[in-house]
Amino acid sequence: MDRVSLLIGPIGQLVTAKSMPWRYGDPILVLENAGIAVNGDKITDVGSWDSISRKYEGKCRIPAEESLVTTGLVDPHTHLLFAGSREDELELKLEGVPYEEILRRGGGIYRTVSATVGATDDELRRILLTRLFEVAKYGTTTIEVKNGYGIYPDQEIRLLRIINDSSVNAPIDIIPTYLVHVPPRNMDRREYINAVINSLDNARGLAKFVDVFCDEGAFTVRETRDLFKEALRRGFGLRLHADEIAYIGCSDLINEFSIASLDHLLNLPEQNVRLIAERGSVATLLPVTILSLMSSKRPPVKALRNAGAPIALGTDFSPNSWSLNMQYVMELATYLLGMTPMEVIMASTVNAAYSLSLRDRGILQPGYLADIVIWDVPNYRWLSYELGRNKALIVIKRGMILESTPSGTIISKECT
């Protein structure tokens, strides 16, 4: 028998994609009475428990007879690094105060920018790590983190450095993104775009992607095009906030650029659905934001599905959509967007990883990272069927069990 560091099994039900990206109708492995062999940080083998238990001797074994097991969740769209909060503005919105008036009173995104710029590096690191510990409890094992609340390039580079510094002590993997979020109110727009472009050289090695908020009230298609050209020239991957508030042509940029992920898409025109599918980009949907916007609009899930576009899901955690819980996103995607339970699992694992250009995780197969969640539910249909409870029983990151400490932090430990 071969000796491995960890055996998981027997497993009540194991569910995984077979390849990436996953498109609606693609094959899926659903295996009852399954087993997983892990050695170090990688999966060694997956199969029936009878076969796995005969072939491998584990230093440790975790039984999961009554549980669903999937790969770890991947959150591909967050604004996790900021200081302060804006809970009082929710009441204002409910009272009918328009966002423009909230801005005039000193609120909105510029309020968050002020709080973030005014916080010390240590304060921001502590805030970020606290949130990372929290997301891990819900089964997220990889997360994208954007800057964007510094606005001025020197502050945005500062935030990227903090994100990178924090990754050393984070319990899960962080994918940093340079977000060009909103233009400053007291600076010429062209001068600002040029300053951002000049800062991209300093962002090399600190961010994997450049993301632009292209929408009404944010950046124009022309400005986004200029930013994308310079980002590509410097070797960054591209992501895009598109068609959230209105369609102004932002998703049309799929004709010109290879964009890893187009996100939000509440106003995505039908002709661009097909283009996203043809170009192999991912449509990342953010249902918590739909709730926080109190919008009646929905992204075109059925059209994306029928066109064969890979769909991912993310939290869009921010001061305006405060949820760190990918399970909640999955539940909303089923009840709000009409996505099937299997579809939301694929959107929160393999496709979310694919949208971040990660090819080493999101699938339970030999050679992939041992990012695994054992769920306190009997089968995959329960995962987005039951609402409001943390259903993650055991979270495993790179072959190590994540465990909460009394202080609220997360530690990685070997199974004993």
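Visitor: In this predicted model, is Lys397 buried or exposed?
Guide: The model is a predicted one, and the cut-off for a buried residue is under 20% relative accessible area. Lys397 has a relative accessible area of 5%. Because that value falls under the cut-off, Lys397 counts as buried.

Visitor: Which residue meets the side chain of Lys397 in a salt bridge?
Guide: Side chains of opposite charge can pair when their charged atoms come close. For Lys397 the N to O distance in the salt bridge is 2.8 Å. Lys397 lies in strand 16 (residues 392-397), and the partner is placed in strand 9, 224 residues apart. That partner is Asp173.

Visitor: What is the distance between the closest N and O atoms in the salt bridge of Arg361 with Asp173?
Guide: Arg361 sits in the loop between helix 14 (350-355) and strand 15 (372-375), while Asp173 belongs to strand 9 (residues 173-180), so that the pair links parts of the chain 188 residues apart. Arg361 is buried at 5% relative accessible area, and Asp173 counts as buried at 17%. The closest N and O atoms of this salt bridge are 2.8 Å apart.

Visitor: Is Lys55, the salt-bridge partner of Asp45, buried or partly exposed?
Guide: The side chains of Asp45 and Lys55 meet at 2.6 Å, N to O, and the pair links strand 4 (residues 42-48) with helix 1 (residues 49-55). Asp45 is buried, with a relative accessible area of 11%. For Lys55 the relative accessible area is 39%.

Visitor: How many salt bridges does the structure hold?
Guide: The structure holds a total of 32.

Visitor: Which elements are included in what covers the buried residues of helix 9?
Guide: Helix 9 (residues 270-279) has as its buried residues Asn272, Val273, Leu275, Ile276 and Ala277. Just after this helix, Gly280 takes a positive phi of about 75°. The cover over the buried residues includes strand 12 (261-264), strand 13 (282-285) and helix 11 (301-307).

Visitor: What is the volume of the largest pocket?
Guide: Its lining consists of 35 residues, and Tyr99, Phe213, Ile245, Leu293 and Asn320 lie nearest the centre. Helix 3 (99-104), helix 4 (109-118) and helix 10 (287-293) are the elements that give two or more residues to this lining. By residue class, the lining divides into 15 nonpolar, twelve polar and eight charged. The volume of the largest pocket is about 1000 Å³.

Visitor: Which helix gives the most to the lining of the second largest pocket?
Guide: This pocket holds about 250 Å³ of space, and of its 14 lining residues Arg86, Glu87, Leu90, Pro319 and Asn320 are the closest to its centre. The lining divides into six nonpolar, four polar and four charged residues. At least two residues each come from helix 2 (87-94) and helix 3. With four residues, the element that gives the most is helix 2.

Technical notes
Residues are numbered from 1 along each chain as its sequence is written. This is a predicted model: local features need pLDDT of at least 70, side-chain atom pairs count only at pLDDT 80 or more; totals for chains, interfaces and linings use all residues. Side-chain values use heavy atoms; hydrogens and water are left out. A salt bridge is a side-chain nitrogen of Lys or Arg within 4 Å of a carboxyl oxygen of Asp or Glu. Buried means under 20% relative accessible area, exposed over 50%, partly exposed in between (1.4 Å probe, protein chains only). Contact means heavy atoms within 4.5 Å. On a 1 Å grid over the protein atoms alone, a cavity is a set of points where a 1.4 Å probe fits but cannot get out, and a pocket is an open set with protein on both sides within 12 Å along at least five of seven lines; lining residues have an atom within 4 Å of a point. Grid points are joined across faces, edges and corners, and a volume is the space filled by probe spheres set on the points. Ala, Val, Leu, Ile, Met, Phe, Trp, Tyr, Cys and Pro count as nonpolar, Asp, Glu, Lys and Arg as charged, and the others, Gly among them, as polar.
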